[in-house]
Amino acid sequence: MLLHSFSLPKMRKPNRKTLILMVAWPLLAGFTGTALLLFGLRATPLPEDSLSDPTEIEAADGTRIASWSWTANTERHVPLSEIPKALQEATLAVEDAHFYHHRAFSLPSLGRALLVDIKSGHVVEGGSTITQQLAKNLFLSQQRTLSRKIREALYAIQLEMHESKDTILNQYLNVIYYGHGAYGVDAAAETYFGKPVEELNLAESAMIAGLPRGPAIFSPIEHPAAAKERQRIVLDRMVACHYITWQQANAAFNQPLHYATHHIPLHQAPYFTTTVMEELAHRYHLSSDELYRGGTKVMTTLDPLLQQAAERAIRSTLPANSSLQAALVALDPQTGAIRAMVGGRSYMTSPYNRVFAERQPGSTFKPLLYTTALEQHWSPARQINSELTTFVAGIGANALYTVHDYGDFYAGRPLTLREALARSDNIYAVSTNLAVNPSQVVATAHRMGITTYLGSVPSLALGVYPTSPLQMATAYATLANGGKRVEPYAVEEVRSATQNEDIHANPTAKQVISPQVAFQMADLMRSVMQPGGTGYSVSHYLNGPVAAKTGTTDTDAWMVGFTPNLVCAVWVGYDDNRPLNLMESHLASPIWAKFMSTAQLHMPYSWYSPPSGLITRQIDPLSGKLATDKCGRTETDYFQPGTEPVESCPLHPHPQTPVQKLTRGLLPWLRHWFGG
């Protein structure tokens, strides 16, 4: 088969006029479009600053307890003329060395920053100009999208068209975020150095100028080594930009810095809000930079009324003009939601949160001990003599362990578990600890929520191993929740512009002790607030039944307890562990009772009903036997089957009938004659 030959048509060579048009039209279109865009940007006013999207933290009822944005947290607007020249130059050197020579964008800065970041392995410098950063902070959210970057560029161009360079720099220095809730250089100067911005020297200016690129990373308060390294970079950049000499840079770097010790709270419930921030960082992986820069809404577990009650209880109880400290934490035992938190008497003078401080819990540890005993079928009617006792625990020189009660005051007679708990008897506690095996007590405490180290020794029963108020509240919540352990948390929901979806808390409860044992302990702990109990002196504050336990060591005073819907732990002591005097050692109880009084009215409840599987018996506490109608004082206890007493009280027997008397007299005679 022959293929038909063919040829392509000849293309006409374009003439010169056509070539000019082919090149000119795109250039003309691009120029015209650019001109129209610039004209439009020039003619369009800048948006209101209020478009900046803040971060808000809300209480459980929707009340706003904190808000972060430059509009809400700037201390004051400082004119450029009052901002030290060193701080202006340090900022320009490290953020935008070509600021006064570009029109919104700087290609040299972008390239240099890229090389520096690659060399260091992390973000040391950014490519955005000061104008771009200001546009982002004034007008845009923190969403990381292409459209936001385009709008950032357009707003930066507008800023350069509408404002002078000095005005842009001044605005930037007054709104940029410097960490720890400080927006603007004046707030930063007060936060870090406790002075107005006008008084900053070169060393302090270089330290502050290095913060905006990573306030959390370069905080001199939290990361002093990283902060000094960042200060060195800033000073080196100032030298490179010919603002200072090497001699001045070295002198500034070697100059000692004195940081502020007073921390002004920028929000309500500062100890709680700080805990929220830490939880967001560690549990939800949201950095403080993201939160403080805006665009996030956080719903928390805080109950504002209970928070006010907690602050009021501490404020009205601690003596004025004293360095004595206190901590209070209250949580929902069904979920673990933290409803109130106070970490000290003043956040401004001491932001350290003592809710997390580890101190000896003293006798507040005893309910965990007795939970272990009940799990081993210990009878609440079991009696142990209350007297000075020396125990043999081990072999060798340290085998003897002598136990003292508070003030060396002993009952001098056998006590039941209820009485021992009410009186906080140490002899009963150590005897129980040794009988059930201290290692089992350690295991129970860890199951219930104690995470700190506990030693398997006789003194474990007396709460000698430090733990925190939050851990004690968690352990007691296990008793309040029918034996189910919960994990405390402060954040219910997070809505973030940088996250793909909302984050919700998913509280869980794990059964770690039986409902029967939990109920037994809750019932036994009611005796602490009854006549003869160590908490009875503050019972007049309360509006209903509670389960509680007091605790006192030489340096710490505690009270921990609960209702079915709220558990609260209170600690009182000195940060330096100095001994408490007699009055100070009794201050935890009124704080606890005042707070719980408000909580009881705010959160009504019905007391627990005994679960199936328990036996109710009325006993005589003097004998530990079943009470008779002749017993003057009785107690009602709940027993696991097989642990209840079966004999009647021998101290108060029923009167005998004539037949019973005759039978009782004849029995010995009959046995004698008939060999019985």
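Okay, let's start with one side chain: Ser 431 reaches out to the backbone oxygen of Ile 427, at 2.8 Å. That falls under polar contacts, meaning a pair of N or O atoms within 3.5 Å, where within protein one must be able to donate a hydrogen and the other to accept it, and residues adjacent in sequence count only if both atoms are side-chain atoms.

Quick caveats. This is a predicted model, with local features needing pLDDT of at least 70 and side-chain atom pairs pLDDT 80 or more, while totals for chains, interfaces and linings use all residues. Numbering runs from 1 along each chain as its sequence is written, and side-chain values use heavy atoms, with hydrogens and water left out.

So where does Ser 431 sit? In helix H17, residues 426-436; helices here are DSSP runs of H or I, at least four residues, strands are E runs of at least two, and both are numbered from the N terminus. Ser 431 counts as buried because its relative accessibility is 17%, and the cut-off for buried is under 20% (exposed is over 50%, partly exposed in between, 1.4 Å probe, protein chains only). Leaving out residues up to four places away in sequence, Ser 431 touches Ile 384 and Phe 391, with contact meaning heavy atoms within 4.5 Å.

Now strand S16, residues 566-573: how many of its eight residues are buried? Eight of the eight. Leu 566, Cys 568, Val 570 and Val 572 point one way, and Val 567, Ala 569, Trp 571 and Gly 573 the other.
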